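Please read them with the coordinates open.

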Amino acid sequence: MSEKTMQEKRCAGCGGQMQFNPEAQMLLCAACGEADQKSVAAAEAAINATLNCPNCGAELEHITGSRQSKCDSCDSVFNILSEGEDCELTGEIPENHKFIAPFTVSEQQYQKGMISWLANEKFTPADVFEKMAIIRSEGCYIPHYYCVANYKVNWTASIGYDRIETFVVRTKNGMVTRTRVVTDWFPHSSVASGTVTNLIEATHHMAQSREKSGAANCKDLKRGIRESSFGLVDGGNFVEIDRKQSFDPKFTAGFTVLPCDEPSNKAYDKAVIDAGIRSQITAIAPGDRIRNLQYHGDIIPDIFLVYRPNWVTLYTYGDKVCFSACDGTNDSRHFGTRPVCKDTKKRVRRWFMGFGLAALLAMIMWLLRYFMAGDETIELLAMLSLIPAGAVGLTAIIVRGVSISRGRKALGSQLDRYLGNTSEIFGRRSAKADPTL
């Protein structure tokens with residue numbers, strides 16, 4: 001047998017029971033009529049929802065039956081799409097949609113940052129600064145397509161409200177009261193508006209440079225190279241783009257401006273935009289849960305061309321070819337490939353392999369102890385097997401830490417020299433041809 005209690009979602013004002021009102025589309029207090037604040041916020045968002053120009057921010061009015069909208073403030077014209085439609089943005093990017101992020105990291109700052117980056121990475125060879133030679137080092141502007149999708153949609157979903165239900169069950173010890181969380185589902189509809197963005201690189205240059213530089217190394221040489229990064233995989237890993245500086249050729253003097261290889265409409269990724277819209281609707285939806293979310297309305301995608309600055313270097317260490325790059329606005333963001341000391345890695349790997357074997361042996365002994373319970377010899381061996389496993393594992397950790405510390409110390413002792421005169425490294429030209437050409 002069981003009995004249910006009322007939902008334990010109480011009014012903040014009087015403590016009365018909160019109940020969902022289908023007409024008001026929000027939770028109301030049964031005692032005083034006070035509305036749940038989260039529901040009020042969602043209702044206000046629906047009432048105040050507007051569609052704004054992605055270019056200047058002015059409010060737009062969509063004429064029913066039209067597939068385009070024009071902003072009266074900046075004269076920009078946009079395609080208006082509904083959920084499920086394909087983006088039709090093609091052609092050249094207008095001049096007022098082109099922006100640039102100028103270099104704020106000088107060449108010397110970049111070179112010092114790269115030297116420090118190599119010195120602080122794990123297992124970097126102690127003689128890396130003596131054997132490095134530069135194939136190519138330059139500053140370049142990488143084009144990105146930045147899609148700003150402004151939307152205003154009507155949406156429907158099932159909204160769930162959690163409540164705690166108590167019930168009584170009969171057990172061998174008598175009647176026991178227990179609780180569980182139950183979700184009550186109600187239909188809900190509202191209006192949402194907002195902006196979702198997406199960023200892609202407009203060129204294959206960086207990816208191809210990285211790929212071709214890696215292909216220049218044979219299989220044996222690749223074992224002495226490691227991917228390294230300070231949180232970046234490539235130059236396009238930026239969530240938001242600064243569009244404060246309009247494109248001006250004066251910022252490109254002395255730098256390479258890479259051409260666009262991709263069509264601009266690729267920036268309108270329907271999966272990304274859809275996921276963004278759904279995420280924003282979920283965030284403002286009332287209740288505790290949401291399911292069966294559907295929406296339909298206007299989506300205005302606008303594409304901008306933004307040039308991001310990067311420092312790029314191809315260099316050799318012995319016969320190995322490595323690729324390194326740095327964000328031109330932050331000299332701590334280095335990524336790419338670098339050489340590693342194979343001998344040090346082998347020494348550390350041998351200790352960890354020994355730990356793996358010792359741990360495997362200990363596991364086998366403890367399995368035997370389980371299946372042969374009561375055998376004192378097996379129990380003793382199982383206990384003793386933990387000693388070599390722990391000792392070898394601890395030694396492996398110590399060897400790794402000491403190896404990394406010694407390597408960094410050796411490189412650190414050279415830092416002042418090379419940071420004081422970066423041309424000792426960057427003025428050294430490699431005999432290898434540029435594999436990216």
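1. Is strand β10 (residues 289-317) largely enclosed by the rest of the structure or largely open? It is largely enclosed, because 23 of its 29 residues are buried, where buried means under 20% relative accessible area, exposed over 50%, and partly exposed in between, with a 1.4 Å probe and protein chains only. Strands here are DSSP runs of E with at least two residues, and helices are runs of H or I with at least four, both numbered from the N terminus.

2. On provenance, this is a predicted model, in which local features need pLDDT of at least 70 and side-chain atom pairs count only at pLDDT 80 or more, while totals for chains, interfaces and linings use all residues. Residues are numbered from 1 along each chain as its sequence is written, and side-chain values use heavy atoms, with hydrogens and water left out.

3. The chain has nine helices and 12 strands, and buried residues account for 43% of its 437 residues. Its accessible surface, computed by the Shrake-Rupley method with a 1.4 Å probe, is about 23,200 Å², with 53% of that belonging to carbon and sulfur atoms. Of the contacts (heavy atoms within 4.5 Å) between residues at least 6 apart in sequence, 75% join residues at least 24 apart.

4. The pairing around β10 deserves a careful look, two strands being paired if DSSP finds at least two bridges between them. Strand β6 (residues 132-171) runs antiparallel to β10 over 27 bridges, and Ile142 has Arg308 as its bridge partner in β10. Strand β5 (residues 98-100) pairs with β10 in the parallel sense over three bridges, with Lys98 opposite Leu305. Strand β11 (residues 320-327) is joined to β10 by eight bridges in the antiparallel sense, and Trp311 is partnered there by Cys326. The hairpin formed by β10 and β11 has two residues between the strands, and Gly318 in the turn has a positive phi of about 65°.

5. Beyond its neighbours within four places in sequence, Ile281 is in contact with Val153, Trp155, Ala192, Leu293 and Tyr295.

6. Helix α2 (residues 107-120) passes a simple geometric check: at 1.5 Å a residue its 14 residues should span 20 Å, and the end C-alpha atoms are 20 Å apart, which agrees; the expected span is 1.5 Å times one less than the number of residues. Among the buried residues of α2 are Tyr110, Met114, Trp117 and Leu118.

7. Ser158, in strand β6, is buried with a relative accessible area of 19%, and its contacts, leaving aside neighbours within four places in sequence, are with Trp185, Phe186, Arg289, Ile290, Arg291 and Asn292. Ser385, in helix α8 (residues 376-420), is buried with a relative accessible area of 7%. Not counting residues up to four places away in sequence, Ser385 touches Ala362, Met365 and Trp366; Ala362 is 23 residues from Ser385 in sequence and 4.9 Å away in space, C-alpha to C-alpha.
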